[in-house]
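Here is a protein model to read through by question and answer. Each reply sets a value against the rule behind it.

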There are 2 protein chains.
Amino acid sequence: MQQPAPAPKPLRADAARNRDKLLVAATEVFGERGLDAPLEEIARRAGVSIGTLYNHFPTREAFWDAIFPERLAALEQVTETALAAPDAWDGFVAFVEGLFALQAEDRGLNDALAQRFRAAGEVEQACHRGFRHAERIIRRARDSGQLRPDFEPQDLVTLIWAMSQVIRESMEAAPDQWRRCLAFFLDGLRTGAAHPLPVAPLTQGQLSEVMRSR
Amino acid sequence: MQQPAPAPKPLRADAARNRDKLLVAATEVFGERGLDAPLEEIARRAGVSIGTLYNHFPTREAFWDAIFPERLAALEQVTETALAAPDAWDGFVAFVEGLFALQAEDRGLNDALAQRFRAAGEVEQACHRGFRHAERIIRRARDSGQLRPDFEPQDLVTLIWAMSQVIRESMEAAPDQWRRCLAFFLDGLRTGAAHPLPVAPLTQGQLSEVMRSR
DNA sequence: GGATAACTTGAGGTATCCCTCAACTTATGC
DNA sequence: GCATAAGTTGAGGGATACCTCAAGTTATCC
């Protein structure tokens, strides 16, 4: 029923070793320098020629497909913990804190979630699933009366944009600052803090346009 | 007492014309594409060779020094309006809204204020002055009891990082979204909304380190 | 150990952007 | 008008990064 891979094709021993070295290097390099890091740096750090890199990963995106599922699994862990929290607000807070903590650990993930790079394939799938789960966390917190009722799931996207920049800029000099910024933001998301909003949330169309570009 | 310019040197008529065309083009190009726009695009749009561009503006920063003082004057206008507001909180809100509205109009200014590029010379001076004024606006709003007392002037820097990314990402598809995001944030900055913060504000040292890098 | 398919290599072509400078053009003052 | 200083030009050299492919190397199977 699932037809997993058309032709798994076992790799030759040396090729498998090189693939692994490339993946390790790519994880490091993307994590440190972001998703636009030069591929040649990855090849160099893996101790492999640029040709071999392209042999195993014909595009930059192929790396992402190989790297991010694991990272996004960590995110799913965060999601589950959040949904399991006895208090809905605490769950919501745990979710965003966990999410941003992951982004703060990995510049590549930060770039990916901030939509600074067009996700495709596996990564896009996982993002969709993640967003679906986030919706549940948001609705639950709203229904409990603690998260302000006009905070829509789309607003999470905006929040991620905002925090991703704070994380990026303060990463070296003050790696915890994003928590302070988030705390301000969260204080504005409590029902008791809510004042009328001046602008409607992103529409579905705007959302996908925003995702499409770049 | 002031010794304004060591040698003003009147330009030849055609040179002055070219300089103007370059400034107009640079304002457009930086405004549309950000501070890392290719200089060759500016020369092209000015209808002038790349050599002439370098003749008038030997570095990218020279353009900024020529362009931004005017833009930053608009910011000073915003500042004054904010300080003149009868209500201190309204003044604070007017200040941040005015600031981000300017950033939303001009990708270059957005880049500059988000510290995405090392400012130097005139621009840096103007930023310092602007920050000094912002401090007064913040203190005034705190003293009035409306802005939460633990919001420090340094936190404005973080807020600017956050909003600059939101502005950049939503610029085309939903150019007003930043106002919604800011509204959430502002609701968290009212005294009534305040909960204890988990992290201390940026120290002076961290602040200047952050400014130094990139 | 040899044949063969699998894999690796890295020089080199493309592209973009930076910046310079020797040769040319033109405004200006006499 | 003409001499000259002022200004303009754009080819070209330097960097960086992308990606390809013909030639060379190596694991694997018998």
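**Reading the model**

A search of the whole structure, which is a predicted model, finds 28 salt bridges over all chains.

Q: What makes the pair R45(A) and E41(A) a salt bridge?
A: The rule asks for a side-chain nitrogen of Lys or Arg within 4 Å of a carboxyl oxygen of Asp or Glu. The N to O distance for R45(A) and E41(A) is 3.0 Å, so the pair meets the rule.

Q: Why are R45(A) and E41(A) separated by about one helical turn?
A: Both belong to helix α2 of chain A, and they are four residues apart there, which means a separation of about one helical turn.

Q: Into which domains is chain A divided?
A: Domain 1 covers 11-58 and domain 2 covers 61-213. These bounds come from an automatic or database domain assignment. Taken over C-alpha atoms, the centres of domain 1 and domain 2 of chain A are 29 Å apart.

Q: How do you know that domain 1 of chain A is in contact with domain 2 of chain A?
A: Contact requires heavy atoms within 4.5 Å. By that rule, 16 residues of domain 1 of chain A are in contact with 13 residues of domain 2 of chain A. The two domains bury about 1200 Å² between them, with 77% of that on carbon and sulfur atoms. On the side of domain 1, F30(A), L35(A) and F57(A) lose the most area to domain 2, together 46% of what that side buries.

Q: How many salt bridges and how many residue pairs in polar contact are counted between domain 1 and domain 2 of chain A?
A: The count of salt bridges is zero. The count of residue pairs in polar contact, both at pLDDT 80 or more, is three.

Q: Which helices supply the side of domain 1 of chain A that touches domain 2 of chain A?
A: α1 (13-33) and α2 (39-46) of chain A each supply at least two residues of that side. α1(A) gives the most, with eight residues. The residues of this side divide into ten nonpolar, three polar and three charged.

Q: How many residues of chain B are in contact with chain A, and how much area do the chains bury?
A: 43 residues of chain B are in contact with 43 residues of chain A. Chain B and chain A bury about 3800 Å² between them, 63% of it on carbon and sulfur atoms. In chain B, E169(B), R180(B) and F184(B) lose the most area to chain A, together 19% of what that side buries.

Q: What makes D187(B) and R148(A) a salt bridge?
A: The cut-off is 4 Å between the nitrogen and the carboxyl oxygen. The closest N and O atoms of D187(B) and R148(A) are 2.7 Å apart, so this pair passes. Across the interface of chain B and chain A the rule finds four salt bridges.

Conventions. Residues are numbered from 1 along each chain as its sequence is written. Chains are lettered from A and ligands numbered from 1 in the order in which they are written. This is a predicted model: local features need pLDDT of at least 70, side-chain atom pairs count only at pLDDT 80 or more; totals for chains, interfaces and linings use all residues. Side-chain values use heavy atoms; hydrogens and water are left out. Buried area is the accessible area (1.4 Å probe) that two parts lose on being put together, summed over both. A polar contact is a pair of N or O atoms within 3.5 Å; within protein, one must be able to donate a hydrogen and the other to accept it, and residues adjacent in sequence count only if both atoms are side-chain atoms. Ala, Val, Leu, Ile, Met, Phe, Trp, Tyr, Cys and Pro count as nonpolar, Asp, Glu, Lys and Arg as charged, and the others, Gly among them, as polar.
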